[in-house]
Amino acid sequence: MIKINEHYLKLQASYLFSTIASRVADYQKKNPDREIIRLGIGDCTRALPIACIAAFHKAVDEMAADASFRGYGPEQGYAFLREAISKNDFQARGADVSADEIFISDGAKCDTGNFQEILSTDIRIAIPDPVYPVYIDTNVMSGRTGIFQDGRYQNIIYLESTRKNNYIPDLPAEPVDLIYLCYPNNPTGATITKEALARWVDFARKNKALILFDAAYEAFIRNDAIPHSIYEIEGAREVAVEFRSFSKTAGFTGTRCAFTVVPKNCLAYDESGHAHALHGLWNRRHTTKFNGVSYPVQRAAEAIYSEEGKAQVKEIIDLMSHVGGEHSPYIWINANRDSWTFFDMLLESAGVVCTPGAGFGACGQQYIRLSAFNSYENTDKAMIRLREALGK
Ligand code: MLT
């Protein structure tokens, strides 16, 4: 008899953004003439930067001639892209990350979800609340949690991020083995200072723990004092893996390209306490399960680092920052009522889609998240409709 992975039965409903998409589709079916403004999922609406498109076209043309055609590329990514990332995203900010510590992939969602596979199921995990649901759901799937009870999974140490602590959770009161952090934060939009991040790095070093640092939104940082990478913090290379994405930086949500940094001296331990480099383990997993991002997409991503690419990306981000949070494309709003009720009300009365905070955790029950991934005009229109719907 074929048996299922019963841990999947512990999962709550469907994946957050699938639930939202199907509720919106139902509403649209019933109200075909209603113009819906989507400020829910952080999905790009602007065209790819011209520099990326030019590089993309050129690479497709190369694929059209036998002499320049490329078949399988390196699973970890082409050297041209890994070197551009190492130089521009890390070395330029004084962060010591070399090209061969970078793994190109098709998304930070997949990487943040998959990374736990190379870690033991018998570990203590600390996860912020609210949080991007992929971190929790993938740990539920692999059996690291207990059942869902009273709004939370058992065996997870939830790190509450609330207005009281400026959305920077306190260090866990007990030792933990794995910590998820995301800054600039999804969903709250909060940023972290170097000093606060250094406390997490110190905690991880003391506890021989690992930090999975999601920096998918670093391009939205406006203040140079805020760290873009955890590797700007001394000692972080030993205890942190970092995830980045071109999705939010340059509109690659549909094109798919991202990367994960696994420093060669970042360690994890076996049952007997012997240290192993995570770089080798992740390389083994990546090369076994992934065949690399397509050549034209990697060329398009490389173009982000050209002078014109940088200027075009800045222009797109500046526009989003104008309509979004200060250092993030998201605004976290206290709705003062159940977030799914607010979601329905907003959709019904204003035709505006938000993300209910409850989907990010118990601390988000009364909050909603609005994203800046829409045109200035639509966002403006949405705010007018919102005011009307709330009678303001
Ligand atoms: C979000 O809206 O939280 C993100 O766009 C979802 C994702 O990156 O998968």
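1. Start with D100 and K264: they form a salt bridge whose closest N and O atoms sit 2.5 Å apart (salt bridge here means a side-chain nitrogen of Lys or Arg within 4 Å of a carboxyl oxygen of Asp or Glu). D100 is in the loop between helix 3 (79-90) and strand 2 (102-105), and K264 is in the loop between strand 10 (258-261) and strand 11 (267-269), so the pair ties together parts that are 164 residues apart in sequence. Helices (H or I, at least four residues) and strands (E, at least two) are DSSP runs, numbered from the N terminus. Over the whole structure, the search turns up 22 salt bridges.

2. A word on the numbers. This is a predicted model, where local features need pLDDT of at least 70 and side-chain atom pairs count only at pLDDT 80 or more, while totals for chains, interfaces and linings use all residues. Residues are numbered from 1 along each chain as its sequence is written, and side-chain values use heavy atoms, with hydrogens and water left out.

3. The chain splits into domain 1 (6-46 + 313-390) and domain 2 (79-305), with bounds from an automatic or database domain assignment. Their C-alpha centres are 25 Å apart. Domain 1 puts 30 residues into the contact and domain 2 puts in 45 (contact: heavy atoms within 4.5 Å).

4. About 3,000 Å² is buried between the two domains, 64% of it on carbon and sulfur atoms. That area is the accessible area (1.4 Å probe) that two parts lose on being put together, summed over both.

5. For charge pairing across the interface, the count is 1 salt bridge. R222 also pairs with D318 in a salt bridge, at 2.8 Å between the closest N and O atoms.

6. On the side of domain 1 that touches domain 2, helix 10 (307-323), strand 13 (330-334) and strand 16 (367-371) each give two or more residues. Helix 10 has the largest share, 5 residues.

7. Now the ligand. Residues around it include F17, K109, Y217, K248 and R369 (a heavy atom within 4 Å). A ligand oxygen lies 2.5 Å from a side-chain N or O atom of Y132, and one lies 2.9 Å from a side-chain N or O atom of N186.

Note on methods
A polar contact is a pair of N or O atoms within 3.5 Å; within protein, one must be able to donate a hydrogen and the other to accept it, and residues adjacent in sequence count only if both atoms are side-chain atoms.
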